[in-house]
Amino acid sequence: MKTLYVRIVLIALLIGIISSILGLLATNIHYQMNLKTYYEEKLVHIAKEIRTLYSKSPELSMDDYFPHMANTGFQIFLTDGTHSHFYGRAFGNTELAPERVQKVLNGEVYYGAISNNSRITIAGYFENSLHNSVGIPIQISGKPYALFIKPDLTQQIGEVRNIMALLLTFTALFSIVLIIIFTRYIVKPIRSLTTATQKIVNGEYEFRLDVNRKDEIGELARHFAHMSESLKQLDEMRQEFVANVSHEIQSPLTSIQGFVHEILNEETNPNDKERYLHIIDEESRRLSSLSKQLLTLASLDKESGVIKPSLYRLDEQIRQIVIANEWLWADKEIMIELDLAEIKVRADQQLLHLVWTNLLVNAIKFSEHGSSIQINIRIEQQIIVTIQDHGIGIPEEELPHIFDRFYKVDKARNRSRSGSGLGLSIVQQIIRLHRGTIDVQSQIGIGTTFIIQLPHL
Ligand code: ADP
């Protein structure tokens, strides 16, 4: 397996090689199209200068003049068609077609690089060959000669060539070293992310990530840290939930076991036995309602497809629920005051039935004998349902938690009004699924008001 690190290094090197090749190609094209002609014209101009200077010093012999000219940085070839004279650094390749020499002797100018069009690379420019020179006719001691010249690159730009070669070598070397070092820097956070992922898989949530980087990897690390925080919370919630469920199941079971034991004891008197049977009945009802509530919560948590909306009268629904629970409020001589505006809603009738029942039963449960409960429906931008009791109220510091699963306010005061602490979380979840909100206002000893807002239709 190639690691990301190796891949990036290889890709960077490949980019370096490809761009060098492309650069060379582009330079070649530019040389072919623009520079070649310009260089040759310049060279022909120099050759003409050499000729002019020679014609102005007729007393100088060929061998006196041309070696000095060659020393200024040229390779020179002189011929009358039969005798050849070379001055300056020797040509590596002295081949030159005789008809080309003849043309120059006849008065034409020879452009080496332009006529050798087959050589398309810039390498031709550096080639030490006679056919790459330029040639002009010249008169020496009244005889026609052909003068070929070519810049002696070793002499003219030898040092520059060395410097360029050194520059290129160092640039390439430093690029490779820097690519190797900086790729490590790019890949390091990805390695930390991989380690963090492995830790999460093992249930560990403590790791360090560089979330301060201002690039895509930094953003990924930030999202990852956020995700792991959510996972951690979810994991904690799951553990807490399981612990709560076990506790809620364990306590009624323990009490049932204890009372069954007492009933089986022959010494227990029949009156006590009957009382214990009633308690067992109550505890088993609690267990049954707990399992129903857990099932409801599990289905509500699925979210999609849970709601089966229908169009119905909300005020009618609440009125029926109040009537259905008459045995509860009438028993405590509680007065229920209804002020319900007529309104149709499109909602899940069964789920909202659960909401109003839960809130009403809680209001009755936590109200004193003979008090009153007001239920209103107001129609504003939203449909507002309020359920107000004048019962024991909820302490301010507990209010933020009452919608949490299994949360019971001050367990001691509720012992006689046993519940699982799931009711309000179910209510909140149902209202949320209907895109509504639920708020609570409460004062200890004065009462509690639940305010539910639902969108119209
Ligand atoms: P439970 O099923 O135990 O009633 P809920 O989730 O319905 O659980 O309620 C959570 C807690 O909020 C209850 O234990 C209770 O202490 C408090 N509570 C709910 N409604 C009222 C109310 N109308 N008045 C006072 N306290 C309430």
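**Entry 1**

I began with glutamate 248, which counts as buried at 8% relative accessibility. Buried means under 20% relative accessible area, exposed over 50%, and partly exposed in between (1.4 Å probe, protein chains only). Before going on I noted that this is a predicted model, where local features need pLDDT of at least 70, side-chain atom pairs count only at pLDDT 80 or more, and totals for chains, interfaces and linings use all residues. Residues are numbered from 1 along each chain as its sequence is written, and side-chain values use heavy atoms, with hydrogens and water left out.

Which residue does glutamate 248 form a salt bridge with? I found arginine 286, with the closest N and O atoms 3.8 Å apart. A salt bridge here is a side-chain nitrogen of Lys or Arg within 4 Å of a carboxyl oxygen of Asp or Glu. Glutamate 248 lies in helix 7 (residues 216-264) and arginine 286 in helix 8 (residues 270-301), so I noted a link between distant parts of the chain, 38 residues apart. Helices (H or I, at least four residues) and strands (E, at least two) are DSSP runs, numbered from the N terminus. Arginine 286 is partly exposed, at 26% relative accessibility.

**Entry 2: other salt bridges**

I looked up the count of salt bridges under this rule, and it is 16. In one of them, aspartate 301 meets arginine 405 at 2.9 Å, N to O. Aspartate 301 is in helix 8 and arginine 405 is in the loop between strand 10 (383-389) and helix 12 (411-414), so this pair ties together parts 104 residues apart in sequence. Aspartate 301 is partly exposed at 37%, and arginine 405 is partly exposed at 30%.

I then checked arginine 319 and glutamate 316, whose closest N and O atoms are 3.3 Å apart in a salt bridge. Both are in helix 9 (residues 314-324), three residues apart, so about one helical turn separates them. Salt bridges link Arg313, Asp315, Glu316, Arg319 and Glu342 into a network.

**Entry 3: rings**

How many aromatic pairs are there? I read off 15. Rings of Phe, Tyr and Trp (its six-membered ring) pair if their centres lie within 6.5 Å; planes under 30 degrees apart count as stacked, over 60 as edge-to-face, and the rest as tilted. Tyrosine 38 and tyrosine 39 make a tilted pair, 5.9 Å centre to centre with 45 degrees between the planes. Tyrosine 54 and tyrosine 65 are also a tilted pair, at 5.0 Å and 45 degrees. Tyrosine 54 is in helix 1 (residues 4-55) and tyrosine 65 in helix 2 (residues 62-71), 11 residues apart. Tyrosine 54 is buried at 6%, and tyrosine 65 is buried at 6%.

I also noted a cluster in which ring pairs link Phe77, Phe86, Phe91, Tyr110 and Phe148.

**Entry 4: the whole chain**

I looked up the secondary structure and found 13 helices and 12 strands. The C-alpha trace spans about 150 × 55 × 35 Å along its principal axes. The radius of gyration is 50 Å, whereas a compact globule of 457 residues would have one near 23 Å. That radius is taken over C-alpha atoms, and the globule rule is 2.2 Å times the number of residues to the power 0.38. Of the 457 residues, 37% count as buried.
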